[in-house]
Amino acid sequence: MLTNGSKLLLAGTTLAAVAAIVYGVTQDGTLGVVGLLSAAIALGLLAGIVIATRDGNVSAMDEAAAQTAVATHVAPEGNIWPLIVAGGAALVVLGLVTQSAFVMLGIGLLLIAGLQWMVDAWSQSASADGTFNRDARARFAGPLEFPLLATAVGGVVVFSFSRIMLFLSKTAGPVGFVVAALLILAGGFLFASQRSMRSTAVAGLTAFAALGLVAGGVAAGLDGERFIEEHETTGLLGEESECDTTDETHADENASQTVGNKAAIMADITLDAEGELTSKAPGQQASQRIVVGRGNPSNIIFHNESDEPRRITLTTGQRPLLDEEGEEIEGQTTPDQRCTALAEEGGSQLLTFRIDKRSAVADEAFELTVPGVEGQAIEVVVP
Amino acid sequence: MLAVGAIAAVTLTACAEDAPQDTWQPEGENSTRIHNLQWPVFAIAGVVGLLVFLAIVWVVIRYRDRGQPIPKQSHGKPALEIALTILPALILVGVAVPTVGTLMALAETDDTECSVNVYGQQWWWEVEYPEQKGCGGIDREFVTSGQMVIPTGTKVLVSGTSRDVIHSWWIPALNGKKDMVPGRVHTVRTQADEPGIYAGQCTEFCGLSHANMRMEVVALDPGDFETWKANQLKPYAAPEEGSIAAEGESAFISQCARCHVVDGLDDGGVNAPEQFVYSRTAPNLTNLMTRNTFAGATFDLLTDECRERVWEATPEEFGERYLEGVTPECLNEVDLRAWIKNAPAMKPMYTDGTKLGPTDGRSRGMPALGLNDDQADQLVAYLLERN
């Protein structure tokens with residue numbers, strides 16, 4: 001007679017053996033086949049041991065006990081897990097032909113339900129005493145179930161919260177969360193002010209708050225996120241070859257103030273009060289040229305000492321013009337540019353760039369210029 | 001016996017004469033500073049270590065178990081504990097004062113008179129001389145690799161960075177180590193007192209051929225440095241028409257110019273190392289034969305005899321011998337041909353096209369070009385004229 005434990009192991013043995021055959025026929029390589037066959041052999045061996053020891057409940061030599069042991073006659077109670085396993089399997093199949101998310105969900109359900117089913121089956125046949133069996137199940141499964149459940153609940157709360165935050169407008173957001181914080185404060189005050197509260201009241205209030213949060217999250221998620229305006233950046237100006245503008249951009253003026261990069265600069269480029277542009281590399285004299293390494297990220301700091309906001313623009317010849325799909329338009333070029341945001345009077349901006357081309361063979365000189373300031377340029381030499 | 005033999009063997013390595021990376025033989029101002037700090041620190045540490053060792057041995061022997069009764073146990077001896085706290089603190093303070101002073105002196109770069117940029121990449125160093133008034137005046141920037149040539153008695157500002165992973169620039173005879181980090185520029189001051197070659201080694205593990213990433217600083221008298229500099233800036237000389245070298249020029253354009261640059265050979269097709277090499281660059285070969293080494297200073301361009309003649313020259317002879325460069329008689333043609341034909345067989349590099357997915361098909365190092373003997377002959381002839 002097959003014992004409960006051996007059924008699982010025999011099923012595992014069969015599954016691994018079938019998987020080894022399927023893998024061997026459909027896939028190249030022997031490693032997978034060897035691995036699966038090893039699993040089949042190991043599971044088969046374990047199944048044999050479990051059958052021989054009658055699930056470890058009675059001595060294999062005790063024939064009488066083998067007939068009367070709990071493991072041989074306690075029938076498992078009915079439970080819902082087979083249904084959920086079936087649902088998980090259906091989701092996997094559905095996902096294979098629709099969306100991979102269903103596959104992941106199905107696998108998750110299969111794992112959870114399969115594990116729960118096994119634990120239930122084991123605990124229900126642990127002894128003839130139902131109370132002992134329920135305790136045994138709780139001791140075994142509790143340490144796993146509670147953290148997982150808490151993680152899942154926490155995830156739902158955080159996700160719902162995030163949907164609500166993304167739904168609320170920039171101005172409504174703070175108001176909404178001030179109200180939420182006040183409600184939590186009021187709830188806490190209510191709990192604390194009572195000498196005693198019925199546990200059902202606490203549970204009811206908590207459930208009500210949780211339901212409200214989840215419902216709000218679902219509603220907000222279905223309605224979609226608020227409109228988030230795409231800000232124009234200096235990178236966009238470069239992409240569109242519009243670095244020659246003297247207009248303000250919406251770019252974060254502090255975005256390029258990376259301390260690490262500012263500590264590793266190739267040169268300081270200064271536009272002085274007279275409108276003269278000069279470059280000063282560490283250890284070298286001021287000049288109208290800078291040498292930067294080919295194919296190497298380089299940082300320069302632009303200091304604006306003039307009386308108007310200015311940006312610095314690097315132009316490295318021409319590049320192919322791209323259409324809306326990012327494909328090159330044959331025969332059409334546009335200036336290859338990078339630039340900083342506008343530097344305030346007396347302010348500075350960092351520009352990081354990398355040039356892969358040699359300047360000696362370029363059609364046009366590589367230059368750093370300040371839009372709006374005529375006749376001033378720093379030649380960029382790439383050896 | 002085995003342990004004694006091992007200790008003796010390790011100790012005897014200190015007696016090696018051919019040890020160009022010996023940290024105990026400073027040849028420049030900064031390395032002398034480091035040397036003047038490290039020997040007293042070693043001496044103090046040695047004396048302390050010896051005293052501790054002797055104390056342990058004395059205690060072990062004096063109080064070994066001879067069946068005597070266990071002495072009365074007591075706790076604490078304030079005078080001894082205070083003394084053993086104050087004494088190490090005083091020693092540490094004594095070491096810290098000159099250490100901090102030396103560190104601050106080593107970090108000083110404001111007094112440099114010449115500026116050189118170095119770029120580390122797997123597994124070689126590029127050396128760039130920007131336009132400047134220092135270094136005797138440089139009107140037009142130029143690039144070399146493997147060897148950094150500097151004038152003697154001149155404080156040189158070495159500004160370095162890396163194009164791929166972290167490397168470390170270290171010429172033991174001239175200065176301490178300085179990490180070269182992608183996206184950052186680190187500086188170190190270098191000065192050589194005497195003409196000569198000072199060997200170095202990348203000292204930050206940087207991948208497969210880290211052990212083969214070497215470099216050398218060549219110090220020349222200011223006059224010889226001017227000669228070397230003028231030679232680096234001379235115009236491109238095309239090979240004589242119809243010669244093997246001329247065929248080599250064509251082979252270079254078709255095979256090598258995709259990655260390597262020879263200044264003046266600007267019609268040599270598309271030079272786009274960024275498409276083929278992960279570090280986006282390859283050594284500039286304009287004046288290859290003015291260097292003594294190639295492939296990240298891993299191999300000599302000179303035969304053993306000629307190399308010895310340069311390395312063992314006296315300071316007075318050195319400049320003249322170095323400036324002779326690599327003559328046809330002195331060329332180590334065996335290694336150069338082997339490198340041209342199958343570089344990965346000589347130096348481990350990531351060049352297997354089937355395994356370059358993580359670098360978008362770009363190799364790290366020079367791939368095997370599959371050249372035949374005739375092409376190798378032509379290229380060697382062409383490169384021999386890059387002097």
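Residues are numbered from 1 along each chain as its sequence is written, and chains are lettered from A in the order in which they are written. Because the model is predicted, local features need pLDDT of at least 70 and side-chain atom pairs count only at pLDDT 80 or more, while totals for chains, interfaces and linings use all residues; side-chain values use heavy atoms, with hydrogens and water left out.

Visitor: How many disulfides does a search of the whole structure find?

Guide: A disulfide here is a pair of cysteine sulfur atoms within 2.5 Å. The search covers all chains, and the number of disulfides it finds is three.

Visitor: Which residue is joined to Cys243(A) by a disulfide?

Guide: Cys243(A) sits in the loop between helix H10 (234–239) and helix H11 (259–262) of chain A, and its partner is 96 residues apart, in strand E6 (residues 328–339). Helices (H or I, at least four residues) and strands (E, at least two) are DSSP runs, numbered from the N terminus. The S to S distance is 2.2 Å, and the partner is Cys339(A).

Visitor: Is the link of Cys243(A) and Cys339(A) left-handed or right-handed?

Guide: Both cysteines are buried, where buried means under 20% relative accessible area, exposed over 50% and partly exposed in between (1.4 Å probe, protein chains only). The angle about the S-S bond is -70 degrees, and the link of Cys243(A) and Cys339(A) is left-handed.

Visitor: Why is the disulfide of Cys114(B) and Cys135(B) right-handed?

Guide: The sulfur atoms of Cys114(B) and Cys135(B) are 1.6 Å apart. The disulfide is right-handed because of its torsion about the S-S bond, which is about 65 degrees.

Visitor: How many residues apart in sequence are the parts that Cys114(B) and Cys135(B) tie together?

Guide: Cys114(B) is buried at 2% relative accessibility, and Cys135(B) is buried too, at 4%. Cys114(B) lies in strand E1 (residues 114–121), while Cys135(B) lies in the loop between strand E2 (124–129) and strand E3 (142–145), so the parts they tie together are apart in sequence by 21 residues.

Visitor: What pattern do the disulfides of chain B follow?

Guide: Chain B also has a disulfide from Cys306(B) to Cys330(B), with an S to S distance of 2.0 Å. Cys306(B) is in helix H7 (residues 304–311), and Cys330(B) is in the loop between helix H8 (315–323) and helix H9 (333–346). Counting bonded cysteines along the chain, the pattern is 1-2, 3-4.

Visitor: How far is the nearest cysteine sulfur from Cys256(B)?

Guide: Cys256(B) counts as buried at 12% relative accessibility. Cys256(B) is in no disulfide, and the nearest cysteine sulfur, that of Cys259(B), is away by 9.1 Å.

Visitor: Which residue's side chain makes a polar contact with that of Thr290(B)?

Guide: Thr290(B) is in the loop between helix H6 (273–276) and strand E11 (293–294) of chain B, and is buried at 9%. A polar contact is a pair of N or O atoms within 3.5 Å; within protein, one must be able to donate a hydrogen and the other to accept it, and residues adjacent in sequence count only if both atoms are side-chain atoms. The side chain of Thr290(B) reaches the backbone oxygen of Asn287(B) at 2.6 Å. The side-chain partner, at 3.1 Å, is Gln232(B).
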